[in-house]
Amino acid sequence: MSLVKFNRRFPMFDQIFPDMLHTEPFFTDTLISNDNWMPSINVVENKNNFEIEVAAPGFNKKDFNVSIDENILTISAENKKDLKEEDESKFTRQEFYYNSFERSFTLPQSVDLDKEISAKYKNGVLRIHLEKLEVLKNEDHRKIIEIA
């Protein structure tokens, strides 16, 4: 199992995996966009699957929307504290009651969209489980090149 937090340390990834480019490539790290808060994302690739971890504390599982459309995974969340008019609380300072984000990724072709995709939210981390295509699970994709 390899855990890789992809960021600027891997600038060649977009060249190696050009089919993963779209709104936001699957293996990149874009944390800040248009001055909006964006959660950090980790991608864990195993032999049989991908696990996406989204660091999004302060939300409830009902706040999230996870969908796949045309091979694009979209993760969004909205946490809104409803302030009632009859609420007589007087804040000296109020800095939180609404938070939201949306991130979209083009999935690699190795993801099996026909298999069950699961998501769990616990302790501030949303984990999304994506299975790989069966044909790729059993193949060794390394090629050893002998030096002449």
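**View 1. Thr74 lies in strand S7, residues 72–80.**
The model is a predicted one; local features need pLDDT of at least 70, side-chain atom pairs count only at pLDDT 80 or more, and totals for chains, interfaces and linings use all residues. Residues are numbered from 1 along each chain as its sequence is written, and side-chain values use heavy atoms, with hydrogens and water left out. Strands are DSSP runs of E with at least two residues, and helices are runs of H or I with at least four, numbered from the N terminus. Is Thr74 buried or exposed? Thr74 counts as buried because its relative accessibility is 17%. Buried means under 20% relative accessible area, exposed over 50%, and partly exposed in between, with a 1.4 Å probe and protein chains only.

**View 2**
Leaving out residues up to four places away in sequence, Thr74 touches Asn65, Val66, Ser67, Glu102, Arg103 and Ser104. A contact means heavy atoms within 4.5 Å.

**View 3. S6, S7 and S8 form an open sheet.**
The order is S6-S7-S8, and the pairing is antiparallel. Which strands stand at the edges? Strand S6 (64–69) and S8 do; each has a single partner strand, so one side of each is left without a neighbour in the sheet. On average, neighbouring strands of this sheet are turned by 10° against each other, direction ignored. Axes here are lines fitted to C-alpha atoms, for helices over the stretch in contact, and angles run from 0 to 180 degrees between N-to-C directions. Two strands pair if DSSP finds at least two bridges between them. How many bridges join S7 to S8? Nine bridges do. One of the pairs links Lys80 with Tyr98 in S8.

**View 4. S6 and S7 make a hairpin.**
Two residues lie between the strands of this hairpin. Glu70, in the turn, has a positive phi of about 55°. Six bridges join S6 to S7, and the two run antiparallel. Ile68 has Leu73 in S7 as its bridge partner.

**View 5. Phe101 is one of the residues with the most contacts inside the largest nonpolar core.**
This core has 20 residues, and Val54, Phe64 and Ile75 join Phe101 in having the most contacts inside it. Strand S4 (40–45), strand S5 (49–55), S7, S8 and strand S10 (125–131) are the elements that give two or more residues to the core. A nonpolar core is a set of buried Ala, Val, Leu, Ile, Met, Phe, Trp, Tyr and Cys residues joined through side-chain atoms within 4.5 Å.

**View 6. Gln109 sits in a loop.**
The loop runs between strand S8 (98–106) and strand S9 (118–122). Gln109 counts as exposed because its relative accessibility is 60%. Gln109 and Lys132 are 23 residues apart in sequence, yet 8.8 Å apart in space, C-alpha to C-alpha.
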